[in-house]
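Hi,

Here is the structure I promised you. Have a look at it first, and then read on for what turned up.

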Amino acid sequence: MSQTLKAVRGTRDLLPPETALWNRIEATARAVFARYNFGEIRTPIFEDTLLFARGVGEETDIVSKEMYTWEDRARAASEKPQSLTLRPENTAGVVRAYIEHKLGETGQLQKLYYIGPQFRRERPQKGRYRQFWQIGAEAIGPQSAGSESPLRDAEVLEMLSSLLNELGISGWTLELNSVGSSADRARYNDALRAALEPVASQLCADCQRRAVTNPLRVLDCKVPEDQAIIETLPKIAEYLDEDSKKHFDAVIAALDAAGVPYHLNPRLVRGLDYYTRTTFEFTHGGLGAQNALLGGGRYDGLSEAIGGPKAPGIGFAIGLDRLVLTLQGLETTETIAEKINAYIAPLGETVNPAALKLARELRRAGLSVELGDGSFRLKKSFEAADKVARKIVILGEDEVQSGILTVKDFSTGAQTKVPRAELDRFLQQ
Ligand code: HAM
């Protein structure tokens with residue numbers, strides 16, 4: 001017997017009726033983004049590996065451990081094969097597209113959103129998959145378009161709070177921090193390295209490595225035994241220069257004015273190296289260990305890091321899988337299959353063509369219709385119809401001749417004779 005094939009570890013199939021909830025979330029996000037003047041961008045699912053190495057950072061977990069990378073076949077024997085990677089995130093791809101299409105030359109701020117799968121070879125668990133979905137957005141442009149303004153940060157955060165509220169997600173927390181300019185980060189990294197030197201040997205193996213290679217990442221550590229030492233380390237706020245402080249204060253003032261609640265978290269440094277100044281996450285208690293619903297921040301140097309012009313930007317990505325889990329956990333949301341308007345039951349195979357014609361007419365009139373088959377016994381048609389539809393339309397030779405159809409309403413049990421001309425309206429009720 002041949003082996004049964006299954007979806008690969010960390011990937012999964014999304015089936016109806018759950019996909020209806022996914023669609024509702026995506027439609028709400030698209031509607032909210034349109035109100036804030038964001039337009040959709042779709043970038044390729046795989047890119048040159050160098051994009052992520054330079055953009056996200058070689059030392060990050062994402063690039064050093066989690067990417068799906070392979071060598072493409074060389075086109076000619078003399079050519080070096082290109083290293084390609086399934087995108088682990090979409091910000092680097094959007095910024096690459098911004099540079100490639102010279103969007104900066106429009107002089108306008110580019111407000112772009114995306115919805116799509118991302119790939120990271122992480123250890124799968126609840127809320128963490130190897131193929132997962134993000135809904136993200138980026139506001140990027142030349143400085144002259146106001147791309148560096150703290151108002152952009154506040155607007156993005158206000159938009160996120162509105163989107164979550166509109167989706168019916170209650171109980172979220174906005175965790176907010178500033179990681180400063182790249183110069184601030186360098187000074188802070190030095191201070192962290194110095195503070196870590198005498199204590200690093202007491203930390204977990206990962207932190208011992210990070211203390212040398214990328215000390216900022218020590219702040220992400222979740223190992224309980226390490227927390228007491230990490231709490232004593234210097235805080236980034238003490239290393240922000242005047243401009244970064246002013247920027248952060250202005251973000252906070254705008255959030256206060258708009259009434260968006262937040263929690264200042266000096267340890268929030270995020271797992272990607274491109275961030276400057278504002279960083280944030282929205283967390284939700286219902287998610288358990290993987291509690292970040294979404295994350296984002298400002299990346300004023302990313303465009304230059306991948307060979308483009310200066311183009312400050314800010315953005316975020318929502319974990320769509322986690323958004324769905326959160327909504328399913330809240331009692332207000334159920335993924336109940338919506339019943340369709342009608343099920344057409346042809347009585348005998350000779351009526352099948354007339355049944356298809358009727359289904360076509362009803363569907364063109366905007367009704368949702370399922371079509372049975374003339375080979376079914378009436379009992380089987382009734383059982384199938386009761387599962388999916390609000391009403392069943394019985395179509396035998398007599399009905400085709402007379403144009404008077406028998407319709408049963410499953411909610412009332414009533415059986416009614418309905419002339420064809422009145423059928424659309426009757427099924428809509
Ligand atoms: P990130 O924090 O790596 O940021 O991912 C954003 C969100 O994607 C996370 O908060 C989480 O909800 C979801 N996510 C990440 N990994 C997984 C996974 N393995 N399974 C399920 N969900 C996951 C970024 O990706 C940045 N590009 C965000 C950004 C946009 N920053 C600026 N612009």
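Let's start with the cysteines. Cysteine 204 counts as buried, because its relative accessibility is 17%. Keep in mind that this is a predicted model. Cysteine 221 is buried too, at 5% relative accessibility.

Cys207 sits in helix α7 (residues 205-213), where Arg210 and Ala211 are buried along with it. Looking down the axis of α7, the buried residues fall within an arc of 110°, so they line one face of the helix. Ala205 and Val212 are exposed, on the face turned away from that buried side. The cover over the buried residues of α7 includes α3 (61-65) and α6 (182-196).

Now the ligand. It has 27 residues around it, and the closest are Glu89, Thr91, Glu122, Arg270 and Tyr275. A ligand nitrogen lies 2.7 Å from a side-chain N or O atom of glutamate 122. A ligand oxygen is 2.8 Å from a side-chain N or O atom of arginine 270, and a ligand oxygen is 3.1 Å from a polar backbone atom of leucine 293. On its own the ligand has 660 Å² of accessible area, and the protein covers 96% of that. Elements giving two or more residues to the shell are β6 (131-140), β10 (292-298) and β11 (313-319); β10 gives the most, with six residues.

Cheers

Terms used: Residues numbered from 1 in each chain as written. Predicted model: local features only at pLDDT ≥ 70, side-chain atom pairs only at ≥ 80, totals over all residues. Heavy atoms only, no water. Buried < 20%, exposed > 50% of the residue type's maximum accessible area, 1.4 Å probe, protein only. Helix = DSSP H or I, 4+ residues; strand = E, 2+ residues; numbered from the N terminus. Arc of directions from axis to C-beta. Contact = heavy atoms within 4.5 Å. Near = heavy atom within 4 Å. Polar contact = N/O pair within 3.5 Å; in protein donor to acceptor, adjacent residues only side chain to side chain. Areas by Shrake-Rupley, 256 points an atom, 1.4 Å probe, with all protein chains shown as cover.
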